[in-house]
Amino acid sequence: LQALPSAFSGNTFSGNSSEAIALNGATLSSDFTLPNPGLPYVVLSSIAVSPTGPSIVPTLTIEPGTVLRFAPGTGLSIGGTFPAVLLVPGTPTHPITFTSSSAAPAPGNWNGLTLWNTTPTTRLEHCVIEYGGADWTDAGLTLASSAPTIRRCTIRRSDGFGILWWNGDGTVTENTITENVYGILVNFTQ
């Protein structure tokens, strides 16, 4: 996955078994914008944003109103050995949603969103993260060695923790964290 077709707009979808765009995941190592096509994406395999070296800091931008429905065992991870950036600029009327692809969603249906190593420019605003926590973190949103701004988001119905905060910095403010086993778990490491 490096780019969607440039003519990927103005289409009409009807009569399909699933009114969605299936998205096979990949590792993105350069800047990428995921457009809002007006119907959800179903993520069939995990997406990672991970640079190939220290001189490149790739950015994944997700357009307002986009809905990503994740299949079991899949998730979205940002960064790794080298940092990456995630921009989720949702609005009050067009939030960005990360959720389960299940017809009957339940906590732990998908792995969740993991920010492994991000720069302070990473921002999640007006988003919904729900039904995550299937992987080892048990969390809808994992922050590890990251310094993002998470603002005015709803993080709910995770298998364990709404947010797992592990050895990072950043700002988590004005969010609604609800219907998880624990709202936030902070792991301090020295």
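The model is predicted, so local features need pLDDT of at least 70 and side-chain atom pairs count only at pLDDT 80 or more, while totals for chains, interfaces and linings use all residues. Residues are numbered from 1 along each chain as its sequence is written, and side-chain values use heavy atoms, with hydrogens and water left out.

Let us begin with the strands. Here strands (E, at least two residues) and helices (H or I, at least four) are DSSP runs, numbered from the N terminus. Two strands count as paired if DSSP finds at least two bridges between them. With that in hand, you can trace an open sheet of seven strands, in the order S1-S4-S7-S10-S13-S16-S19, with parallel pairing. S1 and strand S19 (176-178) stand at the edges; each has a single partner strand, so one side of each is left without a neighbour in the sheet. On average, neighbouring strands of this sheet are turned by 15° against each other, direction ignored. For such angles, axes are lines fitted to C-alpha atoms (for helices over the stretch in contact), and angles run from 0 to 180 degrees between N-to-C directions.

Strand S1 covers residues 21-23 and includes Ile-21. S1 runs parallel to strand S4 (residues 41-43), and three bridges join them. Ile-21 and Val-43 are 22 residues apart along the chain, yet their C-alpha atoms are separated by 8.6 Å. Is Ile-21 buried or exposed? Buried means under 20% relative accessible area, exposed over 50%, and partly exposed in between (1.4 Å probe, protein chains only). Ile-21 has a relative accessibility of 12%, so Ile-21 counts as buried.

S11 pairs with strand S8 (residues 75-78) in the parallel sense over four bridges, and Ile-78 stands opposite Leu-115. S11 also runs parallel to strand S14 (residues 139-144), joined by three bridges. Leu-113 has Leu-141 in S14 as a bridge partner.

Another set of parallel strands can be followed in the same way. Strand S6 (residues 59-62) and strand S9 (residues 85-89) are paired over three bridges, with Leu-60 opposite Leu-86. Three bridges also join S9 to strand S12 (residues 123-125), where Leu-124 stands opposite Val-88.

A nonpolar core is a set of buried Ala, Val, Leu, Ile, Met, Phe, Trp, Tyr and Cys residues joined through side-chain atoms within 4.5 Å. The largest one has 35 residues, and Phe-98 and Leu-124 have the most contacts inside it. Contact means heavy atoms within 4.5 Å. Not counting residues up to four places away in sequence, Leu-124 touches several residues, including Leu-86, Val-88, Leu-113, Leu-115 and Cys-153.

Cys-153 brings up the cysteines. Cys-153 is buried at a relative accessible area of 1%, and Cys-127 is buried at 2%. How many disulfides does the structure hold? A disulfide is a covalent bond between the sulfur atoms of two cysteines, counted here when the sulfur atoms are within 2.5 Å. The structure holds zero.

Asn-180 sits in the loop between S19 and strand S20 (182-187) and is buried at 16% relative accessibility. A polar atom of the Asn-180 side chain lies 3.2 Å from the backbone nitrogen of Arg-157, and one lies 3.1 Å from the backbone oxygen of Thr-178. Thr-119 belongs to the loop between S11 and S12 and is also buried, with a relative accessible area of 16%. Beyond four places in sequence, the contacts of Thr-119 include Val-57, Pro-83 and Ala-147. Asp-138, in the loop between strand S13 (127-130) and S14, is partly exposed at 29% relative accessibility. Leaving aside neighbours within four places in sequence, Asp-138 is in contact with Gly-133, Asp-159, Gly-160 and Phe-161.

Key. A polar contact is a pair of N or O atoms within 3.5 Å; within protein, one must be able to donate a hydrogen and the other to accept it, and residues adjacent in sequence count only if both atoms are side-chain atoms.
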